[in-house]
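Q: I have a structure open and have not looked at it before. Can you take me through it in short answers?

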Amino acid sequence: MAAGVATLVFGALPLRAEWIRGEQAIGWAEKGETVWEWSFSRNDGKPAFRSLRAVGGPELLAYRPDDHPWHYGLWFSWKYINGVNYWEENRATGRSDGLTRWRSPQIETRTDGSARIRLELDYVNPSGRVDMTESRTLVISPPDKEGGYTIDWRSRFIAGPEGAVLDRTPMPGEPNGAVNGGYAGLGLRLVPQPARMTVVSSEGDVTRFEHERARPAAAAVACNLSEETGATTTGIAIVSDPVDVGEKAPWYVINGGQMRFVCAAILAPKVRTLPAGGDWTLRYRIAIRRGAWTPDALRAMTRE
């Protein structure tokens, strides 16, 4: 590995900060710890952030946990495209029925810890036909004085020559509906207990959980994770662009003992069909901060 080194100053204390580069990953480190790491390893089924934390804070992500090894920390996956499953993977092969394929990314980095990543992906039917393509751009900000930062995520999807029917497990109340219905899209798998987790949205605190699940409708959702003592809290928020899915986006949240999961469940309201050549662009901001997110802070961020 090669690393680019910089010296940053927070208050009066100089801190060592550096890029950590591998053949299939890029990351930023400060205080001897990885702040974030993004993997594009073809040994995995999806490119993903496999590590996120505020500077000096605890790890937030659960990457490929035993219960759901297709949960890649912070990642994007469709559920069904033209009836083929791109989400769950065969535990023996580590592959889904539908293949998510990507080319080598273009990565630009700066000495302040900011980066821009561009990635081209194909969604490949078992027949070998490409049913959809994606152009993804990730813009990671430098950490601020408190150790927080943002990831701006933009994905433009274009349907292939057969079009693309984007589907999910049916929602509760629909024919064959399930309590876990509706998930597809941007996913966030968080560390399990003993960390404590509370959930807020730009509409208020999220307290109505049934079977450890909640389905808030809001422009933004955040999870606040605290140490067992409650002394230190780190918050991670996801903001949905209202241009994409409306002012009150659909979310699917699980807050269980071992399963902490957030999905920007864009298909929960309905199945989406793109004609041949049709396109759909999705934009999100992921924001990590020292301290808890509040509804007011989320609302302020949605107005930025």
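Q: What joins the side chains of E108 and R118?
A: A polar contact of 2.7 Å joins them. A polar contact is a pair of N or O atoms within 3.5 Å; within protein, one must be able to donate a hydrogen and the other to accept it, and residues adjacent in sequence count only if both atoms are side-chain atoms.

Q: Before I go on, what kind of model is this?
A: This is a predicted model, in which local features need pLDDT of at least 70 and side-chain atom pairs count only at pLDDT 80 or more, while totals for chains, interfaces and linings use all residues. Residues are numbered from 1 along each chain as its sequence is written, and side-chain values use heavy atoms, with hydrogens and water left out.

Q: Back to E108 and R118. How many residues apart are they in sequence?
A: Ten, and their C-alpha atoms are 8.8 Å apart in space.

Q: Which strand holds E108?
A: E108 is in strand β10, residues 106-109. Strands (E, at least two residues) and helices (H or I, at least four) are DSSP runs, numbered from the N terminus.

Q: What else does E108 touch?
A: Apart from neighbours within four places in sequence, E108 is in contact (heavy atoms within 4.5 Å) with S114, A115, R116 and R118. E108 is partly exposed, at 33% relative accessible area. Buried means under 20% relative accessible area, exposed over 50%, and partly exposed in between, using a 1.4 Å probe and protein chains only.

Q: New topic: β9. Which of its side chains are buried?
A: T100 and W102, which point to one face of β9 (residues 99-102).

Q: Which strands form the open sheet?
A: Four strands do, in the order β8-β7-β14-β25, with antiparallel pairing. β8 (84-85) and β25 (272-274) are at the edges with a single partner strand each, so one side of each has no neighbour in the sheet.

Q: How many bridges join β7 to β8?
A: Two bridges join β7 (residues 80-81) to β8. I81 stands opposite V84 in β8.

Q: Zooming out, how many helices and strands are there?
A: The chain has two helices and 26 strands. Its radius of gyration is 19 Å, close to the 19 Å that the globule rule gives for 304 residues, so the chain is as compact as a globular protein of that length. That radius is taken over C-alpha atoms, and the rule is 2.2 Å times the number of residues to the power 0.38.

Q: How much of the chain is buried?
A: Of the 304 residues, 53% count as buried.

Q: Which residues touch the most other members of the largest nonpolar core?
A: W36, F49, L52, L74, W78, I236 and I286 do, in a core of 64 residues. A nonpolar core is a set of buried Ala, Val, Leu, Ile, Met, Phe, Trp, Tyr and Cys residues joined through side-chain atoms within 4.5 Å. A second, separate core has 14 residues, including A48, W70, M171 and C263.

Q: Which residues of helix α2 are buried?
A: P295, L298 and M301 are buried in α2, residues 295-302. Seen down the axis of α2, its buried residues fall within an arc of 125 degrees, so they line one face of the helix. The arc is that of the directions from the helix axis to the C-beta atoms.

Q: What covers them?
A: The cover includes β16 (196-201), β17 (204-205), β20 (220-226), β21 (233-240) and β26 (279-290).

Q: Is T234 buried or exposed?
A: Buried, at 1% relative accessibility. T234 lies in β21.

Q: What is the phi of N176?
A: N176 has a positive phi of about 60 degrees, although it is not a glycine. N176 is exposed at 73% relative accessibility, in the loop between β14 (164-167) and β15.

Conventions: Two strands pair if DSSP finds at least two bridges between them.
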